[in-house]
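Subject: A structure to look through

Dear colleague,

Please find the structure we talked about below, with its sequence. Could you open it and keep it in view while you read my notes?

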Amino acid sequence: MNWYLNFIDILILVFVLVMARHTLLRGRYFLHIFQQNGYKLNEFWHWLVQHWNQRVITVEHVLYNVIIFVLLIFLSNTVTGSAAIIILAVFGISWFGPFNYYGGEESKKPLVFTPRMIRLTIPFAILSLLIPVTVTFISYAGYIPFTAMTIKSSGLYAADMYLLSFGWVLGNALVPFFIFVAALITKPIEAYVHRHFIKLAKQKLSQMPDLTVIAITGSYGKTSTKFMIRDLLSERYAVCSTPGSYNTPMGICKVINNDLEARHQILILEMGARYEGNIDDLCDIAEPDISVVTNVGVAHLETFGSQDAIARTKSTLVKRTKPKGKAVLNADDERVIAMADLRDDLEFTFVGLESGDIRANDIQYGPEGMRFSVVVDDQEEQQFTMQLLGSHNVQNMLLAVGVARSFGLRLTTMAMAASRMEPVEHRLELKSQNGITVIDDAFNSNPVGAKNAVETLAAFDSGCKIIITPGMIELGDLQEEKNRAFGEQIGNAGLDLVILVGESQTKAIKEGVASTGFEMEHVKTVSSLYEANQTMQDFAQEGDVVLFENDLPDSFNE
């Protein structure tokens, strides 16, 4: 009998360890999702609602509690305590042993334990372990092997294993909700930290009166335009700029407080917005001497509600530009052009592919990238060569040229700087892989960029042309419409293979492709990027061109 009792003890221990591991990994996963949603509770809740059955209250949670209920209510007089332990432990180990929330793939944007995340994790971990640790302690207090597990009467607390298993599964199910509690607990701390770093950044800027601040906003192209302006101005000036997509108050403050030095003459900031008022908050930290508006699109339409609201928010940058300052605007966007009416004391420069003070002509693609001519005021013209691809990158370069002209840089100097520019990672980045040309546009998720990417792929005249895409997200009520239009663009582009990632996510794209008469046997739908790569490799040969258009964050895995 001793071996049997030891077996029962080991089974209970394995169950507890499995549940502890699953709870830990589940907690880490939801922290990751919370971070990807910008620490915004309302957006995190929206994500939970969308993934309720798949990730929040799962089938395993429901069925396991059904088993507990059946054992207690209907089988309490026929199933022995040891049998109940074996049943509950085996089901718990088999159902909660695996953890495949990321679909077996490496996370695309890993969880980063920033100071804020660490502050959040401490109360979150305590809350997540409170229920299971408490019931474990109660279950084992005064525990007598085997006899304590014998059912003496019906009810939840009739046996230790029922309490133990119910407590662990309940705690496991409640993990995502503890994030809300932890966030509310740490909210006063975060507010204090934000005020402190904002105060330091504003003090530092006040001590640098000769510093020129350039701010860039727009629905798309902010990061690319920022890097182009940085590279052009770096030919003559000491420039500090925010890296990557640092476009939030804390991101901007971090750069000002840590990276901005007394030697710097120019500070370039990217200003993002998901809600009305965001640009004002950023300008409260650093008001620009020169403002740049790339465009007004439909990115973050879910949070803004309308394109007019987006335009109103982006126009705040022009309103907050310092008196007698300058603004460089996209002349191909009517909503952006209208922003010039907001101020009569600024010097405006309009740039565009179709019209404006600065224009581009004769865009051509080649293995080295693309070539085009920049024309200024119909008087001066200069040939530019860049490794970057896409007409939208020409537009971004024109905005950068507009800014650089205000500093007195010559077009020849700018052209040399442009020829040395490295592509922004994952934004129409040209690569070569085993003889296959790869256009990596993984960080693009907007209709303008997606359209340009497909046009760029279609412009290549060597080998087969393949696209891999999960479509676009965060477009609110327009998401289905825009994805269907994206499908029509794909269907009309003359491609050889279309690989769609995610059955439900890409349904509208497939409908759009089909509406063009495209041969649907050349459209493959897969469930993951890994499977998409396998499908592509089975088809592609040396000389073919593959476009990776958008790569959804882990929070959007189907």
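Residues are numbered from 1 along each chain as its sequence is written, and side-chain values use heavy atoms, with hydrogens and water left out.

The pLDDT is the predictor's confidence in each residue, on a scale from 0 to 100. For the protein chain its mean is 87, and 91% of the residues reach 70 or more. Over residues 142-159, however, the pLDDT stays under 50, and the model has 34 contacts (heavy atoms within 4.5 Å) for this stretch beyond four places in sequence. Residues 553-557 also have a pLDDT below 50, with 19 contacts beyond near neighbours in sequence. Where pLDDT is low, the predicted coordinates should not be read in detail.

Helices (H or I, at least four residues) and strands (E, at least two) are DSSP runs, numbered from the N terminus, and two strands pair if DSSP finds at least two bridges between them. An open sheet of 6 strands runs in the order β10-β11-β15-β12-β13-β14, and its pairing is mixed. Strands β10 (429-433) and β14 (523-526) stand at the edges with a single partner strand each, so one side of each has no neighbour in the sheet. On average, neighbouring strands of this sheet are turned by 20 degrees against each other, direction ignored; here axes are lines fitted to C-alpha atoms, for helices over the stretch in contact, and angles between N-to-C directions run from 0 to 180 degrees. Strands β12 (residues 465-469) and β13 (residues 497-501) pair in the parallel sense over 4 bridges, and Thr-469 stands opposite Leu-500 in β13. Helix α20 (residues 529-539) packs on the sheet, where it touches β10, β12, β13, β14 and β15 (545-549), and its direction makes about 165 degrees with that of β13.

A nonpolar core is a set of buried Ala, Val, Leu, Ile, Met, Phe, Trp, Tyr and Cys residues joined through side-chain atoms within 4.5 Å, where buried means under 20% relative accessible area, exposed over 50%, and partly exposed in between (1.4 Å probe, protein chains only). The largest core has 38 residues, and those with the most contacts inside it are Ile-214, Leu-233, Phe-384 and Met-397. Helix α15 (residues 391-406) gives the largest share of this core, 8 residues. Apart from it lies another core, of 36 residues, including Ala-201 and Val-336.

The structure holds 0 disulfides (pairs of cysteine sulfur atoms within 2.5 Å). For Cys-240, the nearest cysteine sulfur is that of Cys-253, 13 Å away, and Cys-240 is buried at a relative accessible area of 5%. The sulfur of Cys-253 has its closest cysteine sulfur in Cys-283, at 13 Å, which is too far for a bond, and Cys-253 is buried at 1% relative accessibility.

With best wishes

Notes
This is a predicted model: local features need pLDDT of at least 70, side-chain atom pairs count only at pLDDT 80 or more; totals for chains, interfaces and linings use all residues.
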